[in-house]
Amino acid sequence: MSSRIHSFAGYQAAYQKSVKDPEGFWDEIAQTFTWRQPWDKVLDWNFEEPRVKWFVNGKLNITENCLDRHLKTRGNKLALIWEPNDPKERFVRYTYRELHEKVCQFANVLRNNGVKKGDRVCIYMPMIPELAFSVLACARVGAVHSVIFAGFSANSMADRIKDAEASVVLTSDGLNRGAKQIPVKRVVDEALEDCPSVKKVIVVDRLGWAVKMLPGRDVYLHEELQKVEKNCEAEEMDSEDMLFILYTSGSTGKPKGVVHTCGGYMVYTDYTFRNVFQYDESDIYWCTADIGWITGHSYLLYGPLLAGATTVMFEGVPTFPDPGRFWQVIDKHSVNIFYTAPTAIRSLMAAGLDHVLSYSLDSLKVLGSVGEPINEEAWHWYHIHVGKERCPVVDTWWQTETSGIMISSLAGVTPMKPSHAGQPLPGVQPILVDQNGEEITENETEGYLCMKFPWPGIIRTTYGDHERCRLSYFSTYKNLYFTGDGARRDENGLYRIIGRVDDVINVSGHRFGTAEIENAINQNRHIVESAVVGYPHAIKGQGIYAFVICADQAPANPENLRAEVIETVVEHIGKIAKPDKIQIVSGLPKTRSGKIMRRILRKVAEGDTTNLGDTSTLLDPLVVDEIIQGAL
Ligand code: WTA
């Protein structure tokens, strides 16, 4: 049975039903999956605690839905096409039957190495097939996966491992990234110096390097695979058992572990995948996100596999060996549905049209965008030059915390408008509120974007600290989930996401808390204090602008100091959080109560200092003149 919507009237009917009778609506959709035991109650919720349970007492294993149930009808259908970093290396394809076997074997390796239901397993791996196998293998044995993007530093990894008390780490010797090779295992070894919970490290041999293996702790996957059989009974999970933890940045403190559970996540990712992309059985689908981010979890792996689709996984980068790589892969594998981020579109747009024109993009039917607002120029370029004006563009708004797409057009079915995510999906009830949390009912207005009713993929908790979940998302406005985004609703009820209204910056679609970057910068011995803000960046969407106060008021060599500060950030977070601009200042604009007035710093970083607003409450207004003068 398919729960795909085919017409605008169909969308309206589904939406109405989902609001009038949310339980009935999701109950019907959930029945299209394989459950070991049905649920007693569809939904149990309360946003105050918060407590949200979907498909209460239902029993299942998500991998039986991603793999086993397809074997009868789709056993020989391609499940995964893996495209390597270097186009000269051969790509690899796995049918559903082959993928099932790979996952089962990997799951047996996990069990052999002591992994049990509920254990946390940290995965720090490049975009190789074993990453996909390992995620699903965890789910098969009921272990909670915590994938850490392989660009994060040893420090970041250690923080996440300690927070989750992971007992096993899955990794590789090294990774390919464009023309570079990066020593992954070495980063793991460094992280583990400080992580006593980890008892085993399973290493994939990607590059054939002779890496250091700690006896008793480190084992090679290929050796472990020799010891196991092909069949692996899936663990029975409760709907509300944890499926995974994924760390993401918020406005305060260290990144938090967003927790998603088995039943709701399964139903939500499958439903949204089919509907947003209007997926057809024979489509080849490619999402360029890394599995280390939520987009890779939900729309490279789980969503497409649940739907029985063929999903492409790409190891490389958009610009290697040249900026035609994406278009070449689309041509090579006849990709029908292509899902990427605005930052990639903008950088490929800057590389010139020739690269696009060298390949056939005739197979494309649907284009998607995710992770940050897409500006009109990039939208039109994507629509005209990649989609040749025949492919609908779905601008999908959602978050790590929502687990799946929330606001988006359904490709070719509901209205699309450049730079607008569009209408909410069935089951999603957004509202805009003002500063006091009062609902703004009129259209053509802006407000803070909240949700007033749970959907199956909603965040359940932040790992190890439920109160943090409540404070971050459910306490700003009473009885609402607060997204942290500002949005505008147009005359037809289409939403345009403006961006974060909290201290989170979105750099190339990656989220960082300003406090997180400041904490990293402050680890540098020359730095006394710092303040970080985002500013508009032509390619990355937002760039990172850091204002720093040095111990030595006038450093002899500011360039060296900047380089050192960058090094510190790379060491504490990773290359992806490198500040784009570092301004050395003698003071920061603070109020008498000691709070930094970020509003002023943001204006300076944007290069717009004509109207700084009221600065009379500043402790030392003169500091602002100095900052303006030294602006980069
Ligand atoms: C932003 C990524 C505008 C937004 C799936 C959100 C977007 C944050 C869009 C979540 C979009 C994501 N248009 N902004 N289509 N998609 N965002 O958790 O600010 O990495 O709150 O999830 O990205 O980022 P996250």
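Helices here are DSSP runs of H or I with at least four residues, strands are E runs of at least two, and both are numbered from the N terminus. The model is a predicted one, in which local features need pLDDT of at least 70 and side-chain atom pairs count only at pLDDT 80 or more, while totals for chains, interfaces and linings use all residues. Residues are numbered from 1 along each chain as its sequence is written, and side-chain values use heavy atoms, with hydrogens and water left out.

Within α18, the residues Leu561, Arg562, Val565, Thr568, Val569 and Val570 are buried (under 20% relative accessible area, 1.4 Å probe, protein chains only). The buried residues of this helix pack against α17 (514–521), β29 (527–537), β30 (541–550) and β31 (581–585), with contact taken as heavy atoms within 4.5 Å.

Turning to the ligand, Arg511 places a side-chain N or O atom 2.7 Å from a ligand oxygen. A polar side-chain atom of Gln399 is 2.9 Å from an oxygen atom of the ligand, and a backbone N or O atom of Gly371 lies 3.2 Å from a ligand nitrogen. Of the 520 Å² of accessible area that the ligand has on its own, the protein covers 96% (Shrake-Rupley method, 1.4 Å probe).

Notes:
Polar contact = N/O pair within 3.5 Å; in protein donor to acceptor, adjacent residues only side chain to side chain. Buried < 20%, exposed > 50% of the residue type's maximum accessible area, 1.4 Å probe, protein only.
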